[in-house]
Amino acid sequence: MKIKRILLTGDDGYNSIGTRLLIHLLKDKYELAVAASKVQQSGVGGKLIIKNGGTWGEAKVDGVKALWVSGTPGDAMELAKAYFKTNFDLVISGINLGPNLVGELASGTMTAAVRAIKLRLASKAIAFSWNAPADFWYHDHQGDEDLRDYYEFPGSAALQLMDLAIKNEFWETTLLNINFPDQPTKKIKFTRFAYYFDDFYSQVKLDKTTKHYSYPTGFHEGLKGFINTDADALRSGYISVTLCQPDLLDFAAFQKLKGQVINL
């Protein structure tokens, strides 16, 4: 598996800390480009600004050509398909500041990687996320933050994992969802998605007086078990690697029923 051209994306903004970390690590070895939202878009999932569209522009991020869009990470992938003349060998989404577990369809980071595959921008994609402190999750990135504290972890760890994935032909899959725990580690565990959000996150908080709701951050104290899930691996200090396909098809069920026609 040969990788030469890499497209970087994510939902934290085109000049985010995570994107700039990847540029720092990859620019001397690969041909890079960036296509991402102009500003922080965490939690927008696969949303597209279909009705009215938006604006886009060109910029440089630490010397790398970047395409930004006023819309969502999904919009960024659509524009990348229209803008760049040739496809890429790999799309990397992230490094997101905040974990992405359970096959999170609300994640702009994860769904950008899925859309990139669906658009054939590349045949392989990686979504990198880091269980950073909660006050980082919605950071308004300026493009000039000091990256030195992150070079080794999650930075160098992401590079090593990417090299390992390439060496192993992506373990015969298409999309990798990789989460780094809060503290540095070299331990990696292959995982499945956790089953339910409230297995490890506290439920949404409802204020019945003000009619305000909010989402607590971090794992709740009662998290136990759930062995071999991404949430358990992350809580236990492992890097989680979940092997994914970019669709929701239950293939085994489909194989049993494909082609059948029934009547109501």
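Visitor: Which residues does Phe128 touch?

Guide: Not counting residues up to four places away in sequence, Phe128 touches Ile92, Ser93, Gly94, Ile95, Asn96, Thr109, Ala158, Leu161, Met162, Ile178 and Phe180. Contact here means heavy atoms within 4.5 Å. Keep in mind that this is a predicted model, where local features need pLDDT of at least 70, side-chain atom pairs count only at pLDDT 80 or more, and totals for chains, interfaces and linings use all residues. Residues are numbered from 1 along each chain as its sequence is written, and side-chain values use heavy atoms, with hydrogens and water left out.

Visitor: Got it. How many residues are in the largest nonpolar core?

Guide: The largest nonpolar core has 40 residues, and those with the most contacts inside it are Ile6, Phe128, Met162 and Phe180. Such a core is a set of buried Ala, Val, Leu, Ile, Met, Phe, Trp, Tyr and Cys residues joined through side-chain atoms within 4.5 Å. Buried means under 20% relative accessible area, exposed means over 50%, and partly exposed is in between, using a 1.4 Å probe and protein chains only. Helix H4 gives the largest share of this core, seven residues. There is also a second, separate core of 23 residues, which includes Ala35, Ala80, Phe88 and Ile117.

Visitor: OK, strand E6 next. Which residues lie on each side of E6?

Guide: Ala125, Ala127 and Ser129 are on one side, with Ile126, Phe128 and Trp130 on the other, and all are buried. In a regular strand, side chains alternate between the two faces of the sheet. Six of the six residues of E6 are buried, so the strand is largely enclosed by the rest of the structure.

Visitor: And in which sense do E5 and E6 pair?

Guide: E5 and E6 pair in the parallel sense, over five bridges. Two strands count as paired if DSSP finds at least two bridges between them. E6 and E7 pair in the parallel sense as well, over six bridges. Ser129 in E6 stands opposite Asn96, and its bridge partner in E7 is Asn179.

Visitor: What about the helices between them? Is the unit of E5, H3 and E6 right-handed or left-handed?

Guide: E5, H3 and E6 make a right-handed β-α-β unit, while E6, helix H4 (residues 151–167) and E7 make a left-handed one. A crossover is right-handed if, with the strands pointing away from the viewer, the path from the first strand over the helix to the second runs clockwise.

Visitor: How many residues of helix H3 are buried?

Guide: Eight of its 11 residues (108–118) are buried, so H3 is largely enclosed by the rest of the structure. The buried ones are Gly108, Thr109, Met110, Thr111, Ala112, Ala113, Ala116 and Ile117. What covers them includes strand E1 (5–9), helix H2 (73–83) and strand E5 (90–97). At the start of H3, a side-chain oxygen of Ser107 reaches to within 3.2 Å of the backbone nitrogen of Thr109. Just after H3, Arg120 takes a positive phi of about 60 degrees.

Visitor: Switching topic: how many salt bridges are there in the whole structure?

Guide: A search finds seven. A salt bridge is a side-chain nitrogen of Lys or Arg within 4 Å of a carboxyl oxygen of Asp or Glu. One of them joins Arg115 and Glu78, at 2.6 Å from N to O. Arg115 lies in helix H3 and Glu78 in helix H2, so this pair ties together parts that are 37 residues apart in sequence.

Visitor: Is Arg20 buried or exposed?

Guide: Arg20 counts as buried, at 8% relative accessibility. Arg20 forms a salt bridge with Asp62, the closest N and O atoms being 2.9 Å apart. Asp62 is partly exposed, with a relative accessible area of 34%.

Visitor: One last spot. Where is Thr242?

Guide: Thr242 is in strand E11, and it is buried, with a relative accessible area of 2%. Leaving aside neighbours within four places in sequence, the contacts of Thr242 include Leu175, Asn177, Phe193 and Asp230.

Note on methods: Helices (H or I, at least four residues) and strands (E, at least two) are DSSP runs, numbered from the N terminus. A polar contact is a pair of N or O atoms within 3.5 Å; within protein, one must be able to donate a hydrogen and the other to accept it, and residues adjacent in sequence count only if both atoms are side-chain atoms.
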